[in-house]
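Colleague: I have a chain open and would like to go through it with you. Can we start with how you count things?

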Amino acid sequence: MKVCFPVQINEGIESRVYNHFGSAPMFVVIDTDTNALATIHNTDQHHSHGACNPMKAFDNQRVDAIVVG
């Protein structure tokens with residue numbers, strides 16, 4: 001299972017969850033089956049209020065769950 005966390009700074013497994021999903025600078029994705037860690041940079045970080053679309057930052061990469069603050 002791939003679990004995605006919005007973060008401000010990539011500190012691997014120790015990364016703290018960012019308080020606003022759409023404005024997070026990046027996402028850390030952890031594959032719970034393999035313990036692999038990947039980083040996805042949020043290309044939609046700067047947007048008009050209410051117009052965020054961070055899912056396009058995933059660039060068709062699939063995640064199974066998203067954890068938010």
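Modeller: Contact here means heavy atoms within 4.5 Å. The model is predicted, so local features need pLDDT of at least 70 and side-chain atom pairs count only at pLDDT 80 or more, while totals for chains, interfaces and linings use all residues. Residues are numbered from 1 along each chain as its sequence is written, and side-chain values use heavy atoms, with hydrogens and water left out.

Colleague: Fine. What does Val63 touch, leaving out residues up to four places away in sequence?

Modeller: Lys2, Cys4, Val29 and Phe58.

Colleague: And which residues make up the largest nonpolar core?

Modeller: That core has 9 residues: Cys4, Phe21, Ala24, Phe27, Val29, Ile40, Ala57, Phe58 and Val63. A nonpolar core is a set of buried Ala, Val, Leu, Ile, Met, Phe, Trp, Tyr and Cys residues joined through side-chain atoms within 4.5 Å. Buried means under 20% relative accessible area, exposed over 50%, and partly exposed in between (1.4 Å probe, protein chains only).

Colleague: How much of the protein chain is buried?

Modeller: 33% of its 69 residues.

Colleague: Secondary structure next. How many helices and strands?

Modeller: The protein chain has 0 helices and 4 strands, in the order β-β-β-β from the N terminus. Helices (H or I, at least four residues) and strands (E, at least two) are DSSP runs, numbered from the N terminus.

Colleague: Where does Asn42 sit?

Modeller: In the loop between strand 3 (37-41) and strand 4. Asn42 counts as buried because its relative accessibility is 7%. A polar atom of its side chain lies 2.8 Å from the backbone oxygen of Ala24.

Colleague: Last topic, the surface. Which residues make the nonpolar patch of about 260 Å²?

Modeller: Met55, Ile66 and Val68. Patches take residues with over 30% relative accessible area and no salt bridge, joining like charges within 9 Å and nonpolar side chains (Val, Leu, Ile, Met, Phe, Trp, Tyr) within 5 Å. Areas come from the Shrake-Rupley method with a 1.4 Å probe; for residues, only the protein chains shown count as cover.

Colleague: Where is Ile66?

Modeller: In strand 4 (residues 65-66). Ile66 counts as partly exposed because its relative accessibility is 36%.

Notes: A salt bridge is a side-chain nitrogen of Lys or Arg within 4 Å of a carboxyl oxygen of Asp or Glu. A polar contact is a pair of N or O atoms within 3.5 Å; within protein, one must be able to donate a hydrogen and the other to accept it, and residues adjacent in sequence count only if both atoms are side-chain atoms.
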